[in-house]
Amino acid sequence: RSDSLKFSAPKQPKPEPKADGASAGVLFASVCHVYLYQDSSYNPKGKLGVALTGSKSIIIYGQKQRVVSNCKLSPDTQLTVTASNFLTYYDDAQQCWGVVFANENDLE
């Protein structure tokens, strides 16, 4: 009998959460018309990606998934939905963004 030949399965490493919340996954993503409120008016920024993540953030991103805006949602976050599928909110940098969704169901 040989006790020195016991098999021990290797342990899987635990995934480390990413600082940007990407490990929480994307709950919703869409391409939308995006506007930044500056100088008393909404200025178009073009069609950009908008995502809601599992880490409770709204992210606006451009080409190659470069983050343009991040808004960590909290009970104090004010989201305003108006006519024509238009959502407005302030991001973490206190910039006011307007997002026009393609259809009303995207806002639910």
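Student: What percentage of the residues in the protein chain do buried residues make up?

Tutor: Buried means under 20% relative accessible area, exposed over 50%, and partly exposed in between (1.4 Å probe, protein chains only). Here buried residues make up 27% of the 108 residues in the protein chain. Please note that this is a predicted model, in which local features need pLDDT of at least 70 and side-chain atom pairs count only at pLDDT 80 or more, while totals for chains, interfaces and linings use all residues. Residues are numbered from 1 along each chain as its sequence is written, and side-chain values use heavy atoms, with hydrogens and water left out.

Student: How many helices and strands does the protein chain have?

Tutor: Helices (H or I, at least four residues) and strands (E, at least two) are DSSP runs, numbered from the N terminus. The protein chain has 0 helices and 7 strands, and its pattern along the sequence is β-β-β-β-β-β-β.

Student: Which residues of the largest nonpolar core touch the most other members?

Tutor: A nonpolar core is a set of buried Ala, Val, Leu, Ile, Met, Phe, Trp, Tyr and Cys residues joined through side-chain atoms within 4.5 Å. The largest one holds 13 residues, and those touching the most other members are Val-34, Val-50, Ile-60, Tyr-89, Trp-97, Val-99 and Phe-101. At least two residues of this core come from each of β1, β2 (41–53), β3, β6 (86–90) and β7. Strand β1 gives the largest share, 3 residues.

Student: Which residues does Tyr-89 touch?

Tutor: Contact means heavy atoms within 4.5 Å. Leaving aside residues up to four places away in sequence, Tyr-89 touches several residues, including Ile-58, Ile-60, Cys-71, Leu-79 and Trp-97.

Student: How many aromatic pairs does a search of the whole structure find?

Tutor: Rings of Phe, Tyr and Trp (its six-membered ring) pair if their centres lie within 6.5 Å; planes under 30 degrees apart count as stacked, over 60 as edge-to-face and the rest as tilted. The search finds 4 such pairs. For Phe-28 and Phe-101, the ring centres are 6.3 Å apart and the planes stand at 50°, so this pair is tilted. Phe-28 belongs to strand β1 (residues 26–38) and Phe-101 to the segment after β7 (96–100), so the pair ties together parts 73 residues apart in sequence. Ring pairs also link Tyr-35, Tyr-37, Tyr-42 and Phe-86 into a cluster.

Student: Are Phe-28 and Phe-101 buried or partly exposed?

Tutor: Phe-28 is partly exposed because its relative accessibility is 26%, whereas Phe-101, with a relative accessible area of 6%, is buried.
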